[in-house]
Amino acid sequence: MIDLKFIPREVEDGLKGAFPGREVINLADPVHKGRDLSGIDYAVVWKSAADLFTRAPDLKVVFSGGAGVDHVLTLSHLPDVPLVRFVDRSLTTRMSEWVVLQCLLHLRQHRTYEAQARAHVWEDLSQPEAADVTVGVMGLGVLGQDAIRKLQVIGFRTIGWSRSVKSIEGIETFDGPQLDVFLSKTDFLVGLLPLTADTRGIFNASLFSKLSRRGPLGAPVFINGGRGGSQIGADILTALQDGTLGGASLDVFEEEPLPVDSPFWNMDNVYVTPHVAASSDVRALFAHVEQQIERFESGLPLQHLVDRKAGY
C-alpha cells in the first residue's frame, strides 16, 4: 500500500516497474477510495490520513517515505510492527545541498545584493569568507554528519551537537548538557534534529539569545531543515525583528503549508522554502522498500529501524 502526499505524477512514475509480482495499491488513485485495506502486509506512508491504521489492521511493516517519522508516530492505532525510516544517498545529498546553499546565501549577503540589483545600485559590501564563520549543526545523524563534511569542503568552521555523545573525526562535538557552550561558539545554527518530546520547541527565544554575536555578520543566523515542531515561530519572528537573529532560512514550520498571511513570506532577511530541503527521490524510496521487504521475508533483520521510545 502506497500512501504518499508527494507530487502525484512522481509517485505514479516511480511505481512503474516497482514491486514486481506484488499487488500495489496507490491510495492517491481514486479507484481505491474507500477500499478495504485489510490483509495488506506493507505500507509506505508520508503524512497519511488519521484513520489509516484502523483501515489497515494487518500490516507487518510500516515504511516512512522520508527520514522523519514523527508524522507516523502521531497517528492513532499505529500497529506494534517494525517502523523503518528512509535512508538513502539521494535524500542525504539533497539535504546537504540545501544546507550549504543557505549558508552561502547568508555568508554572501545575497538578499542585500538582490535588493541593490532591483534598485539598480552598484555597490560592494564588506565580504567575509567561509573560514570566518562557525556553523553549528544540531543533530548528528546521517544528515547532520554529511552536511558538516560538505560545509567543511566549502571552508566553513564546523561544530556539532547531539543529545547523546557522538564522535566525528576532525569535528569538535558537544552533547546534551554542553548545549550552551556549543551555542556560544555558533555563528550560523543549522537545525537537523528529529522531532521528539525533548526537541519540540527547542529553537526558541532562550536558545537564540545564547548564540555567538562575534561572527563577521554581527548577528547569528538560524537555518532549519529538520522539523517545524522543533521551532517556535513567534520567537523566531521576534528575534529577527529585534536583531537577536540577523537572518533565517526556514524549510519547515509549525503549520504547513505556511499560512498566506505569515510575516515570514515578506521578510527581507528570511528565505522560505516549502519543506523541500530533502524531498525523497521516489524511485530510490521504492528501491529501498523493495530491499527491506526482501530482507524481512528472507529472515534477515530490517535496516534503519525506528526506536519508538527515542522517536527516531
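Reader: How do the axes of helix α4 and helix α6 come together, and at what angle do they cross?

Author: This is a predicted model. In it, the axes of α4 (residues 89-107) and α6 (residues 142-154) come within 9 Å. They cross at roughly 45°.

Reader: What is the hand of the crossing of α4 and α6?

Author: The crossing of α4 and α6 is right-handed.

Reader: Which residues make the contact?

Author: On α4, they include Leu 91, Met 95, Val 99 and Leu 104. On α6, they include Val 142, Asp 146, Lys 150 and Ile 154. By class, the contact of α4 with α6 has 11 nonpolar, 3 polar and 2 charged residues.

Reader: Which residues of α1 and α10 make the contact?

Author: From α1 come Glu 10, Val 11, Asp 13, Gly 14 and Leu 15. From α10 come Val 282, Arg 283 and Phe 286. They divide into 4 nonpolar, 1 polar and 3 charged.

Reader: How do you know whether His 71 is buried or exposed?

Author: Check its relative accessible area, which is 11%. Buried means under 20%. So His 71 is buried. His 71 sits in helix α3 (residues 70-73).

Reader: Which backbone atoms lie 3.1 Å and 3.3 Å from a polar atom of the side chain of His 71?

Author: The backbone nitrogen of Lys 47 lies at 3.1 Å. The backbone oxygen of Gly 68 lies at 3.3 Å. Leaving aside neighbours within four places in sequence, His 71 is in contact with Val 45, Trp 46, Lys 47 and Ser 64.

Reader: What about Gly 170: is it buried or exposed, and why?

Author: Gly 170 has a relative accessible area of 70%. Exposed means over 50%. So Gly 170 is exposed.

Reader: Where is Gly 170 found?

Author: Gly 170 is in the loop between β6 (157-162) and β7 (172-175). Gly 170 and Thr 158 are 12 residues apart in sequence. In space, they are 9.5 Å apart, C-alpha to C-alpha.

Key:
Residues are numbered from 1 along each chain as its sequence is written. This is a predicted model: local features need pLDDT of at least 70, side-chain atom pairs count only at pLDDT 80 or more; totals for chains, interfaces and linings use all residues. Side-chain values use heavy atoms; hydrogens and water are left out. Helices (H or I, at least four residues) and strands (E, at least two) are DSSP runs, numbered from the N terminus. Buried means under 20% relative accessible area, exposed over 50%, partly exposed in between (1.4 Å probe, protein chains only). A polar contact is a pair of N or O atoms within 3.5 Å; within protein, one must be able to donate a hydrogen and the other to accept it, and residues adjacent in sequence count only if both atoms are side-chain atoms. Contact means heavy atoms within 4.5 Å. Ala, Val, Leu, Ile, Met, Phe, Trp, Tyr, Cys and Pro count as nonpolar, Asp, Glu, Lys and Arg as charged, and the others, Gly among them, as polar. Axes are lines fitted to C-alpha atoms, for helices over the stretch in contact, and angles run from 0 to 180 degrees between N-to-C directions. A crossing is left-handed if the near helix is turned anticlockwise from the far one by less than a right angle, and right-handed if clockwise.
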